Amino acid sequence: MTGDQRLGLGLAAGGGVGLVAAAVLLVERFRLADDPAYIPSCSVNPVLSCGSIMESWQAALLGFPNPVIGVAAFPVVITTGMALLSGAVLARWFWQGLQVGVLTGLALVGWLVFQSLYRIGALCPYCMVVWAVVWPIAWYVTLRNLRSGALGRWGAESPVVARAQEWHGLVTLLPYAAVMVAVLVRFWSFWTG
Amino acid sequence: MTNQNKAAVALGVLVTIAVVAMLLVVQSRGGDQPAPVATGSPEESMLVREDSRILGEEGSSGVTVVEFLDFECEACAAAYPAVEQLRQEYAGEVTFVARYFPLPGHFNAERAARAVESAARQGELEAMYQRMYETQAEWGEAQVPHDDLFRGFAEEIGLDMQQYDADYASDEVAARVQRDVDDGLELGVQGTPTFYVDGEPLQPRTYEDFTSAIDAALASS
């Protein structure tokens, strides 16, 4: 299996998990919209309060529920992954387009993590599944593009990038550890109370 | 194994352990629903205290509707019109009790509860209670204190401002709000709004859920 095929497998798997989570979120949102009398409750338990998140303006950044973006975008990731797995060779411009896509996704997720933790003050499990898959997708696509020179020769020649490749596993895990610590600190009274 | 892999595996194990531990905590906290409160049990006095705030007049039937509420909670604001309608429909019959349950995640919830309690001390519970929900969109979800806004409400209602200021800042009012919270936690209240109709926890999805529960309680009282 070549490097690109391994990446393809990762993209297909990550995209699949992301798609399921986004779909569940969207269905829940429809349920909420369907039944106007349905009252989601504000919970003492910050980890289990999807209602307050779904009703926030941050949950519909572009005027429609965010999971719509996920339901549209994750299949692209899956398809790209499957094509790579089958041995497809993609043009440089395709990789660059994918790069723009994954960075946009990562930026959106980063913003949502911040809003969820520090503005809304609640977490929703399915949203966190989406966070968890978007990061490695973005990271490994970026690493591949840098190493292969799809983003310019400097990427392929940079010692920093080469070092990042060596430590790719640790780099993958660091954001998980960071977000976890942030969740612990932000909801300290919940965890210890 | 290379150093890189060792470091990654070590961190991976740590993260996994922490995630599992957090999930276990969530699991152990999330499961229990508020239990029914039996008549004559010690919990009954916890549900409606001597000094608990009653909206409007006490009902003649002895049936109570208790709501643990948070003025900053959107779901409570969503339930508010239904509760107002119930109060009209069952006026004189059923007693509606408001218990403060400001959630820690809501920056101004505890302040709002203190403002309402301060108003209640001057006999203006309802006016302040209604004002809070009707204006929630203006001040909810903020990360800055809204003491001045709440003070403005008190002025508009026509409270004695010297008294209001003293009450709002007093330890006594803060402790009064906290006693409601403590009762709620003791009863197993997990969030807001939490309703009890005659001691039975009720999770209403429609207005009819309320009326059928109240009608049943009235029939058996």
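Helices (H or I, at least four residues) and strands (E, at least two) are DSSP runs, numbered from the N terminus. The structure described here is a predicted model, in which local features need pLDDT of at least 70, side-chain atom pairs count only at pLDDT 80 or more, and totals for chains, interfaces and linings use all residues. Residues are numbered from 1 along each chain as its sequence is written, while chains are lettered from A and ligands numbered from 1 in the order in which they are written.

In chain B, the loop between β4 (191-192) and β5 (194-197) holds B:P193. The peptide bond between B:T192 and B:P193 is cis, with omega at about -5°. The loop between β5 and β6 (200-202) of chain B holds B:D198. Phi of B:D198 is near 50°, which is a positive value in a residue other than glycine. A residue is termed buried if 20 or more other C-beta atoms lie within 10 Å of its own, exposed if 12 or fewer do, and partly exposed in between, with C-beta atoms placed from the backbone. B:D198 has 24 other C-beta atoms within 10 Å and is therefore buried.

Chain B as a whole contains ten helices and six strands. Of its 221 residues, 38% are buried. Two residues are in contact if their C-beta atoms, placed from the backbone, lie within 7 Å. Among the contacts in chain B between residues at least 6 apart in sequence, 80% join residues at least 24 apart.

Two packed helices are described by the angle between their axes and the distance between the axes. Axes are lines fitted to C-alpha atoms, for helices over the stretch in contact, and angles run from 0 to 180 degrees between N-to-C directions. In chain B, helix α4 (residues 109-120) and helix α8 (residues 161-169) cross at roughly 135°, and their axes come within 9 Å. The angle makes α4(B) oblique to α8(B); angles under 35 degrees count as roughly parallel, over 145 as roughly antiparallel, 65 to 115 as roughly perpendicular and the rest as oblique. The crossing of α4(B) and α8(B) is right-handed. A crossing is left-handed if the near helix is turned anticlockwise from the far one by less than a right angle, and right-handed if clockwise. On the α4(B) side the residues are B:R114, B:A115 and B:S118, which meet B:Y164, B:D167 and B:Y168 of α8(B). This contact of α4(B) with α8(B) has three nonpolar, one polar and two charged residues. In this classification Ala, Val, Leu, Ile, Met, Phe, Trp, Tyr, Cys and Pro count as nonpolar, Asp, Glu, Lys and Arg as charged, and the others, Gly among them, as polar.

Chain A has nine helices and one strand. Along the sequence these elements follow the pattern α-β-α-α-α-α-α-α-α-α. Buried residues account for 36% of the 193 residues in chain A. Of the contacts in chain A between residues at least 6 apart in sequence, 77% join residues at least 24 apart.

Helix α5 (residues 125-148) of chain A packs against helix α7 (residues 159-166) of chain A at an angle of about 135°, with the axes 10 Å apart. The two helices α5(A) and α7(A) are therefore oblique to each other, and their crossing is left-handed. A:L143, A:L146 and A:R147 of α5(A) make this contact with A:V161, A:A164 and A:Q165 of α7(A). The residues in the contact of α5(A) with α7(A) comprise four nonpolar, one polar and one charged.

The axes of α5(A) and helix α8 (residues 168-186) of chain A come within 10 Å and cross at roughly 145°. This crossing of α5(A) and α8(A) is right-handed. Here A:W135, A:P136, A:W139 and A:L143 in α5(A) meet A:H168, A:V171, A:T172 and A:P175 in α8(A).

Helix α4 (residues 92-120) of chain A includes A:Y118. A:Y118 counts as exposed, with 11 C-beta neighbours inside 10 Å. A:Y118 and A:R186 are 68 residues apart in sequence, and their C-alpha atoms are 7.8 Å apart in space.
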